[in-house]
Each structure stands twice: as C-alpha cells, then as structure tokens.
Amino acid sequence: MATAGTGGAALDPGGGAAHLQPSALVTWWTILRTSIEERLVYRGDFALGTLMRFLPLVTQVFFWGAIFDALGAVSATSTVAGYTNNEIIAYYLLTQISRAFSSMPNLSNSIALQIRNGEIKKFLVQPVDLIGFLLVSRVAHKLVYYLVAVGPFALVFFLCRGFFSGWPEPHIMLAFLLSLVMSFLIGFFLEATFGMIGFWWLEVSSLLFVYMLLNFFFSGHMFPIDMLPGWWGTIVRAVPLQYLAYFPAAVFLGKIQGTALAWGLLYQLFWVVFFVVLCRWTFNRGVQHYSGYGG
Amino acid sequence: MAIIEIEGLAKSYRVYQKQEGLLASVRGLFHRTYREVSAVRGIDLKVDAGEFVAFLGPNGAGKTTTLKLLSGVISPSGGTARVMGFVPWKRENAYRRRFALVMGQKNQLWWDLPAQESFRLHQQIYGIEPAQFDRRRDELVDLLQVRPLLGQPVRELSLGERMKMELIAALLHSPEVLFLDEPTIGLDVVAQHSIQSFLRHYQQIQKVTVLLTSHYMKDVAALCRRVVIIAHGQIMYDGSLSGIVDKFSGHKIITLVFPGDAVPGGLSRFGDVLEEQGPKVKLKVDRNGIAEALAVILAQHTVDDVSVEDPPLEEVIAEVFSLANEQAEAVVARP
C-alpha cells in the first residue's frame, strides 16, 4: 500500500518484530564496536590529544634531575625518601601507564551534561543498562587510545630503558597487569559516581576540580606517596586514590612484595566493589530524583 | 480494551526561584527559595489499543511531563499508571522493549555516525531477529525515502531527515505503544506533511497505540480522532477534535454577501464585525442568537449569499489555552 509522501513501499501488517532473547555478549560487543567507530571519527584531535600526553614526561625527567642535583645526590645509589634518581624517573614513567588506565577524561562532565540537557532520557527508555553502556564506551575509548599510544609509549620506554633495572618477575608482572585493570575499574566507577551526582547538582565541574586536585597529589601522580611522612602517609595510604597511579607503579618496581602485595591487591579489589556498588546506588537514587530536564 | 490506564497521576517539582542580579546570585549560595510546581495534577485517562490520541495544551501544561511519566523517564509524586500492564517508572526491560519514545527536540541517534550504525545497535539492544530486522528496516527506509542517507553521519542530515531516521530507529522493534513528543517541531511544511503521512499510514497498518503531543493543529487534524486538552496539569477536554468547537466556542461566524458594493449599517448589533469588505461582511455571533440574527437580517435586507460556520479550530484552541493560562495565573496570584 502506498500513501502520499511515504515512498510507496509496503509495511508488513504482522510486522511485530520477532524478539530474540538478546545475547548479552553480542549486544555489548556491538556497543563496543559502535563506540570504537565513533571514537575514530575525529582522528586529528584524537591523535594530537594522545601524543601531547607525552610532553609532561620530558619536564618530569628534568624536574627530578634538578631536585637530585640540588640535593647533591649525584651518585646512582643516592636516594631521596628511599628512591634513587633512576627509580623516580622509572616510577614517573610507570604512573603514566597507570593513568592511561585510571584517568577518565570528560566522563563525569559528560554524564552531568547529559542529565542537564536531557540526553540521558534515551538510556532510560531503551532496554540497556546506562552504567554498562558507559563502561563499554569507555573501554572502547581506552582501546583506541592504546592503539594509538602504544607506539609512542614503546619508544619513550625504549629511550628511557636505562632508568629501569630490568623486567620484573612474571608473578610481579601479572600483579601489575591485574592492578592496572582494577585501577581502570576504580577510576571509571569513581568518576561515574561523580557524574551521577549531576542528578542533584546538575553541574559537577567544581566537585571535579577538587577531586582532580586531590587526585594529582594523593594518587602518586606527582611523587611516590610512600615519600609522605607520618600521619599524612597513613591517611593517603588508607584512601583509594593511591590505586589510580602509585600502586601499579610501585608493584612493577618491586616496592610492594609478598604478603603486602597480596593484601594490596585485595584492598584494591575491595575499592573496586565499593565503587561499583556506590555508582549503582547513586544512579538508582538519582533516577528517582530526576526531573527529566531539557524538554 | 485499555492499554494505557492512568488514575490520579500527579507530578510536582521543586523549582529554585532565583532573584535578578549578582547580589541575589551570591545570596543564593547560602539561602534559596523554592516553589512547588505541579506539572501534572491528578490525571485520569484510559486509552484503548490502537487509538491515536493527541495531547494538546499550552506550553507548560503538563503534556510532555505526562509522556515522561508514561515512558518511565521520571517517577510520579502520586497516582498510578499502567501501560500494557506495566508500571512505567519501574523501567522493566520487558516494558522498554514494547514501547518507544520519540522526542522532536532530542536526538537519540549517534551524532557522529551514520544512522545505519544506530539501527544495528538497536537491533542488538532490542533483540530483533536479523532477518526480521533487515526486512523491517528496509520497509521503513523505503516508506520514508531515506535510503541514500543511510551512510551519512547524522550530524550532516537536515532536521527533517534526522526526524525520519529517529522514527525508523524508534519503530524497528515494532513497539505496541508509541509516544511522540512534538515530532514535527521545527520542520518545514513538506517534511511535516511527509511525517504526518507516514505516521497515519503506519498507524493504520500496524494498529499501534499512539500518544502525540504537538503544537501543530495540522498534525492533530491529520492524525488523531481523539484529543485530550491538558492545561495547568489537568484534563480540560477529552473527546473528538470537532467536539472542541462545540464545547468551547460560544459563537459562530455568519458570512453575508449583499447585492452591490455596499454593506448596510447596524449589523454590529448582532455581534462583532470581524471583516467588512463590501459587499461581504463577517459577523461573530453568539451561538444562541444565530437563528434570531439571521431571521432579522434576512427580513430587513436583501442578501445574495449567506453561510454559517464554526470558528477556525486554531482560534478556538488558542482561546481555550488563553483561558487556561488566565485561570492558572489567577491561582498563582491568589494569596
């Protein structure tokens, strides 16, 4: 049957779509694939953004070199708070890997923005889990980032190989990889939780600013947190931020071993579960509070 | 049989009342005044399967809020609603697979990717069997004549083209209930007509239940037999489109054509003279006075032609909206 303005095609009157029980794996794979395709659209901006992340590396190498020079610790075995110059540079390089997993650029802001402008409605009316969708999208972003960054990372680590004392043992390497995966999960669920606060506050930029400030110092991004003395060190080691940068790097460098390593991984797992639950709880409460802004 | 059942549905918001100026902004950091706004005030409504119902009302009347409640986007402050037996705000997947919401002002497709990628994603999310998906997508794409645009990023489509893609995405899983929130807003006349034709055709064939909000009377007239007027969060009218005029318009329009070029004087005593272009004159006359006015005019004057019509629907609805707004303002102003 044809109608005016409708192209003259027919519609199957019994056109109720046959619904399969969707295979969760295929569904999430399709979401991942689509997210990767979307990520690859703005290739210029993406490539530049990825490469520019390596600039701070150079400044840090000079920065720590200057500190050791100023302290007169010129010998290869001289230490500052238990770290040699080489170990500090190696540590800093490794935190770049940690942060490549745990940092979530624009995640919280984009969630809050979608709440504010109403874009989030599509996730509420479709049979898809918003948090799962965001997680898979973020995995896609990370995969594309690693694809582009693996070359520059390899080059930088090759050029800086003199700062390392060699490859860690296999079980340390395994623990390092495990801690990286968990640092990704903590970073994701923590920042997604901040985004969900947008259900109440609408704008979370200032909250994020405070978080980023704390993160910068207490995740070990700037310096190894075991340098912090006394009660400062105790506090920082008790909060989860250390798992975003310090912990994986310290594991790779062999600063945490044996029982301490096992406990460290268990604590990290605890924080993963904690933030998964907190994020889900905040989302569920937030949706109840949601007013469907933005028309 | 009712597919949508609403009883006493209510939704109120707490809205921040910001005073003008910088000082007030600073003050607002420490102390804020809120106002309780009742967007929907105890609506009762039943919609049978296969009905195409229009929600009309002035801006802020509660139309879109009602659709948001029925699609589970927000939770109510009171009352109950069931759509196909489901409580919408529980957001069960079994429910979400059986309805669709299309918002004229909100994009649900992936902005930077071609629409066909979003369609494929919908296939997975809604669990549509592949052969069925291909057939249905092709049908909808051909009906809306957008096949050449499938590979084009959504951001590069015109508003009308984008809305067609939105409709396809929303209909791929053959929803039994379709909520349309101003689907033709901002579209040119051609695109509006195209979407209207499609929706009419689709609804006739698929017998889907549709709730539509629109400010375009042409949408409503073309598509809906039943109209619900919401104003100030309450239902003011529920019936046919033509019944609106009978209920809300207290007058009719008498058009008289006199011989020659002149229009006789004294006609204003029968009603308002809306238009006077000799030899033709249009009078707005109270419904109860039509017979008497015509009898007197025809007895006193020679008339070449006469017609009695209802006022234009848009005009009546505008009057209804205006009345509703005045009532709402009166309620707010009341101490």
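This is a predicted model: local features need pLDDT of at least 70, side-chain atom pairs count only at pLDDT 80 or more; totals for chains, interfaces and linings use all residues.
Residues are numbered from 1 along each chain as its sequence is written, chains are lettered from A and ligands numbered from 1 in the order in which they are written, and side-chain values use heavy atoms, with hydrogens and water left out.

The side chain of B:Arg137 meets that of B:Asp134 in a salt bridge, at 3.5 Å from N to O. The term salt bridge denotes a side-chain nitrogen of Lys or Arg within 4 Å of a carboxyl oxygen of Asp or Glu. Side chains of opposite charge can pair when their charged atoms come close. Both B:Asp134 and B:Arg137 belong to helix H5 of chain B, where three residues, about one turn of the helix, separate them. Helices (H or I, at least four residues) and strands (E, at least two) are DSSP runs numbered from the N terminus.

B:Asp134, B:Arg137, B:Asp138, B:Asp142 and B:Arg147 are linked in a network of salt bridges.

Another salt bridge of chain B joins the side chains of B:Asp238 and B:Arg226, at 2.8 Å from N to O. This pair links distant parts of the chain, twelve residues apart: B:Asp238 lies in strand E9 (residues 234-240) and B:Arg226 in strand E8 (residues 226-231). B:Asp238 is partly exposed at 37% relative accessibility, whereas B:Arg226 is buried at 15%. Over all chains, the count comes to 16 salt bridges.

How many salt bridges are there between chain B and chain A? The count between these two chains is zero. Polar contacts, however, are found across the interface, where five residue pairs qualify, both residues being at pLDDT 80 or more. A polar contact is a pair of N or O atoms within 3.5 Å; within protein, one must be able to donate a hydrogen and the other to accept it, and residues adjacent in sequence count only if both atoms are side-chain atoms.

The interface itself brings 53 residues of chain B into contact with 48 residues of chain A, contact meaning heavy atoms within 4.5 Å. Between them the two chains bury about 4,700 Å², with 59% of this on carbon and sulfur atoms. Buried area is the accessible area (1.4 Å probe) that two parts lose on being put together, summed over both. In chain B, the residues losing the most area to chain A are B:Trp110, B:Gln124 and B:Ile125, which together account for 13% of what that side buries.

Elements of chain B that each supply at least two residues to the side touching chain A include strand E1 (2-16), helix H4 (115-126), helix H5 (130-143) and helix H7 (189-206). The residues of this side divide into 20 nonpolar, 18 polar and 15 charged. In this division, Ala, Val, Leu, Ile, Met, Phe, Trp, Tyr, Cys and Pro count as nonpolar, Asp, Glu, Lys and Arg as charged, and the others, Gly among them, as polar.

Chain B is divided into domain 1 (2-246) and domain 2 (250-309), with bounds that come from an automatic or database domain assignment. The centres of these two domains of chain B, taken over C-alpha atoms, are separated by 44 Å.

Two loop residues of chain B have positive phi values. B:Arg91, not a glycine, has a phi of about 50 degrees; this residue is found in the loop between strand E4 (78-83) and H3 of chain B and is buried, with a relative accessible area of 14%. B:Gln145, also a residue other than glycine, has a phi near 55 degrees and lies in the loop between H5 and helix H6 (159-171) of chain B.

How values were computed. Buried means under 20% relative accessible area, exposed over 50%, partly exposed in between (1.4 Å probe, protein chains only).
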